[in-house]
Amino acid sequence: MCARSFAKSVNPAKAAKAIAAKKGGGDDSQDDSKEIEFLKLICDSPRRKPPKFPEDVAKQNFEIGHRYNVETSRQHNRSMWDLQLKLDLKTSAMKALPPEEREWAMNIEKEDAAFPLDFRHPTWTPPIKGFDPDKY
């Protein structure tokens with residue numbers, strides 16, 4: 001069984017004839033056949049195997065990977081807990097408002113939600129005095 005599973009095995013001669021027929025005929029069927037053979041070689045090339053490590057190095061790599069997974073999961077859980085706490089506090093604050101103020105507070109105006117077009121985002125360098133981007 002070949003390494004590629006996304007395409008059927010093709011007879012290069014038939015494929016070259018089909019390509020030549022689509023192009024309207026021609027003498028370059030040998031060139032097409034060579035191209036198809038080259039592409040088949042690329043698709044059917046053997047997969048590279050990862051190098052074999054000594055057992056102690058493999059164990060150390062496993063421990064490093066495991067520790068990384070644990071710590072990134074903890075970081076994710078902390079940030080999600082923090083976000084959920086903020087949402088819960090906001091929800092309880094909204095529920096504590098009187099009904100008429102709650103309706104006003106929950107109503108989002110389009111102007112309030114729009115991102116300001118003149119927002120100055122942080123940059124590594126300070127703005128250049130007298131610089132006009134319209135000149136460039």
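This is a predicted model: local features need pLDDT of at least 70, side-chain atom pairs count only at pLDDT 80 or more; totals for chains, interfaces and linings use all residues.
**Stop 1: the surface patch**

Select Phe-38, Leu-39 and Ile-42. Together they make a nonpolar patch on the surface, with about 320 Å² of accessible area. Ile-42 sits in helix H2, which covers residues 29–43. Its relative accessibility is 47%, so Ile-42 counts as partly exposed.

**Stop 2**

Side chains of opposite charge can pair when their charged atoms come close. The structure has 3 salt bridges. Select Arg-67, Glu-71 and Arg-74, which are linked in a network of salt bridges.

Start with Glu-71 and Arg-67: their closest N and O atoms are 2.7 Å apart. The two residues lie 4 residues apart in helix H3 (residues 55–96), so about one helical turn separates them.

Next, look from Glu-71 to Arg-74, where the closest N and O atoms of the salt bridge are 3.2 Å apart. Here the spacing is 3 residues in helix H3, again about one helical turn.

Glu-71 is partly exposed at 32%, Arg-67 is partly exposed at 43%, and Arg-74 is partly exposed at 41%.

**Stop 3: another pair in helix H3**

Select Lys-86 and Asp-82. They form a salt bridge whose closest N and O atoms are 3.2 Å apart. Lys-86 and Asp-82 are 4 residues apart in helix H3, which means a separation of about one helical turn. Lys-86 is exposed, with a relative accessible area of 51%, whereas Asp-82 is partly exposed at 33%.

Definitions and conventions
Residues are numbered from 1 along each chain as its sequence is written. Side-chain values use heavy atoms; hydrogens and water are left out. Patches are made of residues with over 30% relative accessible area and no salt bridge: like charges are joined within 9 Å, nonpolar side chains (Val, Leu, Ile, Met, Phe, Trp, Tyr) within 5 Å. Accessible areas come from the Shrake-Rupley method with a 1.4 Å probe; for residues, only the protein chains shown count as cover. A salt bridge is a side-chain nitrogen of Lys or Arg within 4 Å of a carboxyl oxygen of Asp or Glu. Buried means under 20% relative accessible area, exposed over 50%, partly exposed in between (1.4 Å probe, protein chains only).
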